[in-house]
Amino acid sequence: QYQRRVHGVEDLKNHDAVVRAIRTAVGSKQPAYVDHLSSLVASACINVCPKNPANFNVDNVRVCKMEGLSVSVSQVVHGFVIVRNVEGAIKHAKDAKVAVFSCGIEMTDSDTKGTVLIENAEQLKNVARSEEDYMESVIKGIADTGVKVIVGSGAFSDLALHFMEKYGLMGVKVQSKFELRRLAGAVNATPLPSLGTPRQEDIGRVDEAGVQEIGGQRCVVFNQTTEHSRLSTILIRGPTSNIMDDVERAIDDGVNCFKSLGRDNRLVAGGGAFELEVARRLGKVADATPGLQQYALRQYAESFQIVARTLAEVAGHDGTKSLASLMAEHHSGKERAGVNLEDGTPMDAVAAGVLDLGVAKDWAIKFATDAAVQVLRVDQIIMSKPAGGPKGPSGGAGGYGGARDDD
């Protein structure tokens with residue numbers, strides 16, 4: 001059996017090992033920035049990786065795109081980035097407690113409607129004063145718990161902003177409920193459905209929160225600098241939206257590659273080396289198999305060569321010539337020989353850092369084989385059983401007997 005594990009990632013907290021493992025997946029879409037993007041993905045994934053890597057959640061790595069500058073200026077924020085300004089005049093908070101509400105920071109409407117009869121100006125003042133007293137009591141209760149940052153999903157009323165500035169609280173509005181959940185995970189807080197004084201176990205914490213101007217846009221950054229956050233944000237920079245979309249797809253491939261490593265850390269030689277070695281060994285099995293089965297085994301073995309041939313042809317080289325030289329290398333004992341896309345010649349894929357996921361190869365072979373076998377089964381059924389239908393007087397199908405209509 002071919003030893004597929006040429007380099008396993010034993011420790012997913014090792015930055016260099018993770019970069020080497022995901023480099024091929026990221027570089028397949030962004031070869032010009034493969035080193036920088038692989039390092040960013042590794043840092044973001046390691047930051048949010050749980051104690052059991054098999055429980056890694058790809059949603060904990062968030063991507064935020066901002067036009068301007070180059071892709072090489074992209075960075076990782078161990079926390080959450082919101083592309084909007086804060087609510088109010090307070091722009092920064094350090095070592096702050098955070099309260100997250102999935103509602104607006106304003107007076108709530110009652111379930112029932114009533115009529116208030118106001119007979120003079122003093123009664124009108126009392127109604128307004130009661131609303132002010134209620135809002136001040138709510139904001140003061142939040143401030144007394146040590147909270148310095150309030151996050152809400154709805155509108156911030158002018159009255160609430162007035163008392164928030166009075167007690168030194170920063171306000172951040174997050175309209176998307178999905179983004180609100182991610183922010184709550186980044187600061188380890190619990191979203192509360194109604195405005196009120198939160199419990200200590202529902203309050204989160206952030207090392208630094210404030211407004212930063214990135215690419216001419218004001219953003220609110222929740223940054224965790226002293227402890228691991230449950231969410232990381234990769235801030236993508238680029239001159240156009242199309243380039244940033246391509247970078248985002250490359251990052252998605254790298255993050256999913258890290259997730260697969262958490263479940264199965266086997267790696268195999270890339271560049272078609274794994275498939276060619278499988279083809280060579282299956283060919284030897286076919287030669288030792290008697291009967292007609294050897295022809296099926298030989299064709300199955302040759303089907304694995306399509307990967308290396310396609311890589312060479314896509315890179316602009318002669319696929320037949322490259323495949324012949326690669327098979328010669330494998331027959332001479334060089335099991336890690338893969339396609340060099342620069343000139344189409346053989347290379348040591350492991351030494352070049354071209355590695356693929358072992359679990360991806362397993363499932364690719366399984367699904368492709370199952371699909372081919374299913375097609376062969378269907379073809380056999382069609383050929384062995386003729387189409388049905390009533391027979392006509394002269395033996396034709398459908399009762400027409402093959403006769404033509406005069407019309």
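Is Gly 254 buried or exposed? At 0% relative accessibility, Gly 254 counts as buried. Buried here means under 20% relative accessible area, exposed means over 50%, and partly exposed is in between, with a 1.4 Å probe and protein chains only.

Ground rules first. This is a predicted model, so to speak of local features we need pLDDT of at least 70, side-chain atom pairs count only at pLDDT 80 or more, and totals for chains, interfaces and linings use all residues. Residues are numbered from 1 along each chain as its sequence is written, and side-chain values use heavy atoms, with hydrogens and water left out.

Now the overall picture. The protein chain has 407 residues, and 40% of them count as buried. Its secondary structure comes to 11 helices and 13 strands. Those are DSSP runs, numbered from the N terminus: helices are H or I with at least four residues, strands are E with at least two. Take contacts between residues at least 6 apart in sequence: 73% join residues at least 24 apart. Contact means heavy atoms within 4.5 Å.

Back to Gly 254. Gly 254 sits in helix α6. Setting aside neighbours within four places in sequence, Gly 254 is in contact with Ile 22, Val 26 and Val 41. Ile 22 is 232 residues away along the chain, yet the two C-alpha atoms are separated by 5.5 Å.

Next, the sheet. It is an open one of 3 strands, ordered β1-β9-β2, with mixed pairing. Two strands pair if DSSP finds at least two bridges between them. The edge strands, β1 (61-67) and β2 (75-77), each pair on one side only. From one strand to the next, the twist averages 25°. β1 and β9 (residues 232-238) run parallel, joined by 7 bridges. One of the bridge pairs is Lys 65 with Ile 236 in β9.

Two helices go with this sheet. Helix α6 (residues 241-263) packs on it, touching β1 and β9, and its direction makes about 165° with that of β1. Helix α2 (residues 34-48) lies across β1, β2 and β9, at about 160° to β9. Axes are lines fitted to C-alpha atoms, for helices over the stretch in contact, and angles run from 0 to 180 degrees between N-to-C directions.

Elsewhere, strand β8 (residues 217-223) has two antiparallel partners to mention. Strand β3 (residues 79-82) joins β8 through 4 bridges, with Gly 79 facing Asn 223 as bridge partner. Strand β7 (residues 204-214) pairs with β8 over 7 bridges, and there Gln 212 has Cys 219 as its bridge partner.

A quick stop at helix α4 (residues 158-166). Ala 160, Leu 161, Phe 163 and Met 164 are buried there. After α4 comes Gly 168, with a positive phi near 75°.

Last, the largest pocket. How much space lies in it? About 1200 Å³. A pocket is an open set of points on a 1 Å grid over the protein atoms alone, where a 1.4 Å probe fits, with protein on both sides within 12 Å along at least five of seven lines; lining residues have an atom within 4 Å of a point. The lining has 43 residues, and Thr 24, Gly 271, Gly 272, Leu 311 and Asp 356 lie nearest the centre. Elements giving two or more residues include α1 (15-27), α7 (273-287) and α11 (358-384). The largest share, 9 residues, comes from α11.

How values were computed:
Grid points are joined across faces, edges and corners, and a volume is the space filled by probe spheres set on the points.
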